[in-house]
Every structure is written in C-alpha cells, then in structure tokens.
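Thanks for coming. I will go through a few local features of one chain, so please have the sequence and the model open.

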Amino acid sequence: MLDALTLDQMRTFVTIAESGSFRAAARKLARVQSGVSVAIANLEAQLGVELFDRSGHRPVLTPQGRALLGNARDIIVRVDALRAKARGYADGVETELAVAVDTLYPLQQVGRAISRMRQDFPSVSVRVRVEPLGGPLDALRQKRCALSVMVGEDFRDPRIRFDALSSITQVAVVAATHPLADGEPGRPLEVLDLADHLQIVLSDPSAISEGRDFGVLSPQTCRVNTQDAKHSLILGGAGWGRLPFWLVERDIEQGRLARLNIGALGRGGETASEAYVAHRLDEAMGPAARRLADLLIELDTGSA
C-alpha cells in the first residue's frame with residue numbers, strides 16, 4: 001500500500017500542519033475542503049496511522065503525525081529539487097540575474113566573479129542587492145534573487161542549499177580619538193566598560209531576526225541600515241562596533257581606527273564566520289547563475 005502514496009497527499013499533509021486547519025489548507029491549495037479531507041483520509045489509511053486528532057475545533061497532529069511530518073517535508077523538498085534541476089537543464093540563458101550579497105562579504109570579490117561570468121554570458125544583465133543579516137536569505141525566500149552570498153550560521157532554511165566559501169573576520173574597532181581607544185594596553189575590556197558608550201549596530205531589513213540581536217553589548221545603540229554608514233559613524237567617533245577586517249585593515253594600519261580587545265566578542269575582539277553562496281533547491285538555476293556560483297567558489301578559494 002505504501003507504493004500508492006502520492007506527492008499530492010504529502011503536500012496536503014504538510015499544508016494542513018502548517019496552516020492549522022483543513023479549511024485554510026484548502027484555500028492555500030485552491031481546492032475544496034472535502035478533497036483535502038479525502039486526501040488525508042486516504043493517506044492515513046495507506047500509512048496505517050492517524051495523522052490528525054479531529055476531536056477538537058481544529059485538527060491537531062498526533063504523536064505519529066508529528067514524527068512523520070519531517071519525512072513528508074523532506075520528500076517534498078527533494079522532489080521539488082529534482083524538478084528544478086531538470087527545468088534548469090531545459091531552460092535557456094537568463095536575461096537577468098539577481099544576486100543578494102551580505103554586507104560582510106567583499107563586494108569586489110563578487111565583481112570579479114560577475115566579470116568572469118559575463119565573458120561566457122555577455123547578454124545577461126545583473127542586479128546586485130547588498131543587505132545585512134537576514135536580508136540575503138529573505139531575498140531567496142521571496143524569490144527576489146537567484147543567488148545569495150551569506151555570512152554566518154544564524155540564518156538557515158531547508159529549502160536553501162549552502163556551499164561554503166572562505167571565512168570572514170570581524171573585529172571590534174573605534175575611532176582613534178574615542179575615549180575607548182585610551183584604555184590600558186593589553187587589558188581586555190569588560191561589558192561594563194562599554195555601558196556608557198554608543199554601539200553602532202546594523203539593522204535587519206527583514207523580519208527574520210525579529211527579537212534577536214547579534215553581538216550587541218552596549219545598552220546604548222545607534223542602528224544603521226548599511227555597512228558603509230556604520231563604518232563612517234565609527235570613523236567619525238560616534239561610537240564603537242564590529243566591522244569586517246577587510247574593510248578596516250587600512251584604517252587600522254594608518255591609525256584612524258583602533259582595535260578593541262573585547263573578550264565577549266572573541267579572542268582579542270575578533271570573530272570569524274564562514275561565508276556561503278546559496279540558492280533555492282526548489283527553483284531552477286539558469287546557466288549564468290550556475291556559472292556565477294561556481295566562479296564565486298573558485299575565486300574565493302584562490303583556485304581560479
């Protein structure tokens with residue numbers, strides 16, 4: 001009987017679990033409610049288990065239903081990925097390629113990859129979005145881009161594939177004229193030492209990190225929407241913050257910025273996070289997108 005299971009039944013099961021009712025699932029699937037009920041009844045009969053407890057006002061997953069829900073989601077993702085890959089082989093070259101890039105990643109590296117990609121696909125126009133935190137993942141989720149370059153492990157989605165690039169180092173810095181730069185050399189700063197000083201922090205353009213902060217230690221903050229704004233405010237002496245080392249290396253060498261030894265932000269106030277090139281598993285990648293993803297990996301690892 002298990003061979004008679006259908007992908008439609010799996011999608012119906014997952015949609016009911018995610019939407020909370022048979023009626024809501026029917027609306028989402030553009031089907032009549034009776035058809036949704038029949039699909040689940042048939043699935044339960046074929047599996048030999050009850051997936052939903054229907055005794056209350058709303059259907060509630062049974063223990064067996066909760067255990068099987070992850071398997072059903074995994075099947076759907078894998079089938080969608082198979083279809084997407086097949087469509088990608090059949091599709092022609094894209095007219096436009098949209099890419100979202102984390103503000104922590106050096107945009108010059110992306111530029112080199114785009115330049116190489118356009119040698120093979122000169123007719124493809126490119127649109128690049130530069131966003132912090134959950135922005136690149138949200139762009140993929142909302143299908144506003146085909147590829148994203150992301151930094152760190154804070155944002156994940158089972159529908160997204162991640163291929164590792166190199167690591168990005170962030171360092172805590174402050175203007176050389178700021179009071180925090182006058183601390184005792186070699187003495188790590190405690191969180192209390194930062195309490196009276198403004199921390200410059202990036203805001204998330206998406207709702208993905210709502211209610212969460214990353215590396216925020218000062219009770220006083222100034223939130224900005226771009227890495228360039230954060231960099232400029234720190235250079236101007238407004239406060240302290242973390243910035244990618246590739247962006248501030250010259251400022252540190254030339255004495256405009258001073259590094260802060262904040263133990264709560266890693267040894268010597270330094271942390272490293274892996275960068276990734278990411279794309280949706282359930283969407284076909286065109287040939288230009290596949291070439292750009294390959295080039296990002298090749299150029300980042302220095303093998304090209």
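One definition to begin with: buried means under 20% relative accessible area, exposed means over 50%, and partly exposed is in between, with a 1.4 Å probe and protein chains only. By that scale V130 is partly exposed, because its relative accessible area is 44%.

Two notes on the source. This is a predicted model, in which local features need pLDDT of at least 70 and side-chain atom pairs count only at pLDDT 80 or more, while totals for chains, interfaces and linings use all residues. Residues are numbered from 1 along each chain as its sequence is written, and side-chain values use heavy atoms, with hydrogens and water left out.

Back to V130, which sits in strand β4, residues 125-131. Helices (H or I, at least four residues) and strands (E, at least two) are DSSP runs, numbered from the N terminus. Together with L107 and V128, V130 makes a nonpolar surface patch of about 220 Å². Patch members have over 30% relative accessible area and no salt bridge, and nonpolar side chains (Val, Leu, Ile, Met, Phe, Trp, Tyr) are joined within 5 Å. A salt bridge here is a side-chain nitrogen of Lys or Arg within 4 Å of a carboxyl oxygen of Asp or Glu. Areas are Shrake-Rupley values with a 1.4 Å probe.

Next, helix α3, residues 33-47. Its 15 residues reach 21 Å from first C-alpha to last, close to the expected 21 Å; the expected span is 1.5 Å times one less than the number of residues. Which residues of α3 are buried? They are V36, A39, I40, L43, E44 and Q46. These residues lie on the same side of α3, because they cover an arc of only 165° around the axis, taken from the directions from the helix axis to the C-beta atoms. On the other side of α3, S34 and A45 are exposed. The buried residues of α3 pack against α1 (7-19), α2 (22-29) and β1 (52-53), where contact means heavy atoms within 4.5 Å. Just after α3, G48 has a positive phi of about 80°.

As for α1, this helix has 13 residues and reaches 18 Å, close to the 18 Å expected. Its buried residues include M10, F13, V14 and I16. G20 follows α1, with a positive phi near 95°.

Last, I234 in helix α7, residues 227-235. I234 counts as buried, at 0% relative accessibility. Leaving aside residues up to four places away in sequence, I234 touches V173, V174, A175, I200, G239, W240, G241, L243 and L257. I234 and A175 are 59 residues apart in sequence, yet 6.0 Å apart C-alpha to C-alpha.

Methods. Patch = residues over 30% accessible without salt bridge, like charges linked within 9 Å, V, L, I, M, F, W, Y side chains within 5 Å.
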